[in-house]
Amino acid sequence: QKDVPSFYKALQEFFPIGAAVNPSTLVSGNDLLVKQFKSLTSENHMKFENIQPQEGVYTFENADQIIDFAAANDKLVRGHTLVWHNQTPDWVFKNDCGEQASREQVLERMSKHISTVVGRYKGKIHAWDVVNEAVTDSGPDLLRDSKWLQTIGEDYISKAFHFAHMADPDATLFYNDYNESNPEKREKIYTLVKGLVEQGVPIHGIGLQAHWNLYNPSLDDIRCAIERYASLGLQLHITEMDVSMFNFEDQRIDLTEPTEEMVALHQQRYEQFFSIFKEYKEVISNVTFWGIADDYTWLDDFPVVGRKNWPFLFDTKHQPKSSFWSIVNK
Ligand SMILES: Oc1ccccc1CN[C@@H]1C=C[C@@H](O)[C@H](O)[C@H]1O
């Protein structure tokens, strides 16, 4: 590793570079994390089900490990995520009779969760993904039908931001979503966030998850999305970047390693993506990968369970790939 440059230091004049971690990759990826990244995001252990699995029972151990690692290694921490339709325990939405809880009861639980979690990490987590994936991918409805929407109603989103802001007025608060460069979804995200800004909701940024692949989205769609979101006057974070070797619909499971053609295209796409990010360095204030190296990625099980993928700049042996060199040598 001695002759390999630091990726985050090579890009520090533009924006901090981050990685999503979990308690095991904190250990297995320790050397890469220390040298190659400046920002950490908890992949799963700051999600509702991992923090408050039962009402009033908080399990902070795993989240605290990530906070402690960041403090010991001078890393920034992004909080992910307070309100989401996935990985949220059923108890949040049920009353004592096991039926749907009232608006007041769920609002109280949301308020308690957010004030407890954001309050605990006040001054240690500088940016929060307050609400994740609240708009629909397609169709006439703006908001995804979720238990948050069904129990509280449409203002669950603004309430979440207000609760987070009260718990830590210094934290920058983000709305985070995927397929964010798809024109139809882009306009939904824009409409939602524009409304929040106009209502005076304390929202400071938009998180573009950037779960991209060799073929989609187009560079023009990415550029349009960045321009559209930036026109709201908010910060942008690239929050969950990975570049899958497969198109979303591609179900092939025959490869044990990427083809040479895939590797060449992977390098070209990463070069193009980071060229665009650098161009928008005035509005992009964090670029985080949804993992560290190819030995562990959620894409090994999504959308095809058990299908190996190679989405990052470091290979399964933690060595820099051609994609890494094409960016740092720019
Ligand atoms: O790309 C997608 C397609 C469909 C649903 C969700 C997503 C992305 N959803 C993300 C991915 C992994 C989780 O660990 C993150 O918390 C979540 O934000």
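Which residues have the most contacts inside the largest nonpolar core? In this predicted model, select Trp128, Met241 and Phe274, the residues that hold that position in a core of 101 residues. Next, display helix α8, residues 156-167, which gives the most to this core, with 7 residues. As a general matter, nonpolar side chains in soluble globular proteins tend to be buried together.

Keep Phe274 selected and show its surroundings. Residues up to four places away in sequence are set aside here; beyond them, Phe274 touches Phe7, Leu11, Phe15 and Ile17, together with Met241, Val287, Phe289 and Ile327.

**The ligand site**

Select the ligand and the residues around it. There are 13 of these, and Lys47, His80, Asn132, Glu133 and Glu240 come nearest. For Lys47, a side-chain N or O atom is 2.9 Å from an oxygen atom of the ligand. For Gln209, the corresponding separation between a side-chain N or O atom and a ligand oxygen is 3.2 Å. Trp290 also places a polar side-chain atom 3.2 Å from an oxygen atom of the ligand.

His80 is joined to Thr81 by a cis peptide bond, with omega near -5 degrees; Thr81 belongs to strand β3, residues 76-83. Glu133 is not a glycine, yet its phi is positive, near 60 degrees. Glu133 sits in the loop that runs between β4 (127-132) and α7 (147-151). Is Glu133 buried or exposed? Its relative accessible area is 9%, below the 20% limit, so Glu133 counts as buried.

**Lys188 in helix α9**

Move to helix α9, residues 183-198, and select Lys188. This lysine is buried but forms no salt bridge. The nearest side chain of opposite charge is that of Glu184, 4.0 Å away. Draw instead the distance from the Lys188 side chain to the backbone oxygen of Gly139, which is 2.8 Å. Apart from its neighbours within four places in sequence, Lys188 is in contact with Val135, Thr136, Asp137, Ser138, Gly139, Asp141 and Leu142.

Asn179 lies in the loop between β5 (172-177) and α9. Asn179 has a positive phi of about 50 degrees although it is not a glycine. Its relative accessibility is 40%, between the limits of 20% and 50%, and therefore Asn179 is classed as partly exposed.

The last stop is Pro217, in the loop between β7 (211-213) and α10 (219-230). What kind of peptide bond joins Asn216 and Pro217? The bond is cis, with omega at about -10 degrees. Pro217 has a relative accessible area of 13%, which means that it falls under the 20% limit and is buried. Leaving out residues up to four places away in sequence, Pro217 touches Ser181, Trp212, Ile222 and Arg269. To finish, select the C-alpha atoms of Pro217 and Glu180: these residues are 37 places apart along the chain, and the two atoms are separated by 9.4 Å.

How values were computed. Residues numbered from 1 in each chain as written. Predicted model: local features only at pLDDT ≥ 70, side-chain atom pairs only at ≥ 80, totals over all residues. Heavy atoms only, no water. Core = buried A, V, L, I, M, F, W, Y, C linked by side-chain atoms within 4.5 Å. Buried < 20%, exposed > 50% of the residue type's maximum accessible area, 1.4 Å probe, protein only. Helix = DSSP H or I, 4+ residues; strand = E, 2+ residues; numbered from the N terminus. Contact = heavy atoms within 4.5 Å. Lys, Arg positive; Asp, Glu negative; His and termini not counted. Polar contact = N/O pair within 3.5 Å; in protein donor to acceptor, adjacent residues only side chain to side chain. Near = heavy atom within 4 Å.
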